[in-house]
Amino acid sequence: MQKLLIFLFFGVAIAFYAYANPKADFNSDSKNGIQFHKGSWEEALQAAKKEHKLIFLDIYATWCGPCKLLKMHTFSNAEVGKLYNQNFVNVSLDGEKGDGAMLADKYAIRGYPSLLFIDGDGNIVGQTTGYYSPKEFIKIGHSILKN
């Protein structure tokens, strides 16, 4: 019971922080962090094939607290940017609009943020959900690259 209360407390604290600090601009990239692909999903698939890279796909919602935290603290980190920009075609889409909604349906997304690693043919090779610190997110990237 005590663990459940602690979990709920931290969940509420993260949500409150994100809503009270709505600085995450999902349409712009930080200078040193992950640079997200600006074209269509089909163009991202083509780029992944051409460059022999996997796609890192962030499916978010604008109202999602952990999504805002990822954007502000993890995706903007220079070390995260270096790893992901060199090794992945990075795509970030609103799961409630356009290509994002289509992909959320295709990949049966049930929560935000959903973080998927996809090959150039559109097949999922890894996925996770939730907020990760820069250090944790770098470990995820290295783990995906090893497979």
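**Notes on strands, loops and one aspartate**

Visitor: Histidine 52: buried or exposed?
Guide: Histidine 52 counts as exposed because its relative accessibility is 74%. Exposed means over 50% relative accessible area, buried under 20%, and partly exposed in between, with a 1.4 Å probe and protein chains only.

Visitor: What sort of model is this?
Guide: This is a predicted model, in which local features need pLDDT of at least 70 and side-chain atom pairs count only at pLDDT 80 or more, while totals for chains, interfaces and linings use all residues. Residues are numbered from 1 along each chain as its sequence is written, and side-chain values use heavy atoms, with hydrogens and water left out.

Visitor: Back to histidine 52. Where does it lie?
Guide: Histidine 52 is in the loop between helix 2 (41–51) and strand 1 (54–60). Helices (H or I, at least four residues) and strands (E, at least two) are DSSP runs, numbered from the N terminus. Histidine 52 has a positive phi of about 55 degrees, although it is not a glycine.

Visitor: And what is the phi of alanine 108?
Guide: Alanine 108 has a positive phi of about 55 degrees and is not a glycine either. Alanine 108 sits in the loop between helix 5 and strand 3. With 40% relative accessibility, alanine 108 counts as partly exposed.

Visitor: Which residues does the cis peptide bond join?
Guide: Tyrosine 112 and proline 113, with omega about -10 degrees. Proline 113 belongs to the loop between helix 5 (98–106) and strand 3 (114–118).

Visitor: New topic. What is the strand order in the sheet?
Guide: The order is 2-1-3-4, in an open sheet of four strands with mixed pairing. Strand 2 and strand 4 (124–129) are the edge strands, each pairing on one side only. Averaged over the sheet and ignoring direction, neighbouring strands are turned by 15 degrees against each other. Two strands pair if DSSP finds at least two bridges between them.

Visitor: What packs on the sheet?
Guide: Helix 2 does, touching strand 1, strand 2 and strand 3. The direction of helix 2 makes about 165 degrees with that of strand 2. Axes are lines fitted to C-alpha atoms, for helices over the stretch in contact (heavy atoms within 4.5 Å). Angles run from 0 to 180 degrees between N-to-C directions.

Visitor: In which sense does strand 1 pair with strand 2, and how many bridges are there?
Guide: Parallel, over seven bridges. In strand 2, leucine 93 is the bridge partner of isoleucine 59, and serine 92 that of aspartate 58. With strand 3, strand 1 pairs in the antiparallel sense over five bridges.

Visitor: Why is strand 1 called largely enclosed?
Guide: Because seven of its seven residues are buried. Both faces are covered, with Leu54, Phe56, Asp58 and Tyr60 on one side and Ile55, Leu57 and Ile59 on the other.

Visitor: What about aspartate 94, buried or exposed?
Guide: Aspartate 94, in strand 2 (residues 88–94), is buried yet has no salt bridge. A salt bridge is a side-chain nitrogen of Lys or Arg within 4 Å of a carboxyl oxygen of Asp or Glu. The nearest side chain of opposite charge, lysine 97, is 4.1 Å away. Lys and Arg count as positive and Asp and Glu as negative; His and the chain ends are not counted.

Visitor: Which backbone nitrogen lies 2.9 Å from a polar atom of its side chain?
Guide: That of glutamate 96. Leaving aside neighbours within four places in sequence, aspartate 94 is in contact with residues including Tyr60, Thr62 and Gly100.

Notes. A polar contact is a pair of N or O atoms within 3.5 Å; within protein, one must be able to donate a hydrogen and the other to accept it, and residues adjacent in sequence count only if both atoms are side-chain atoms.
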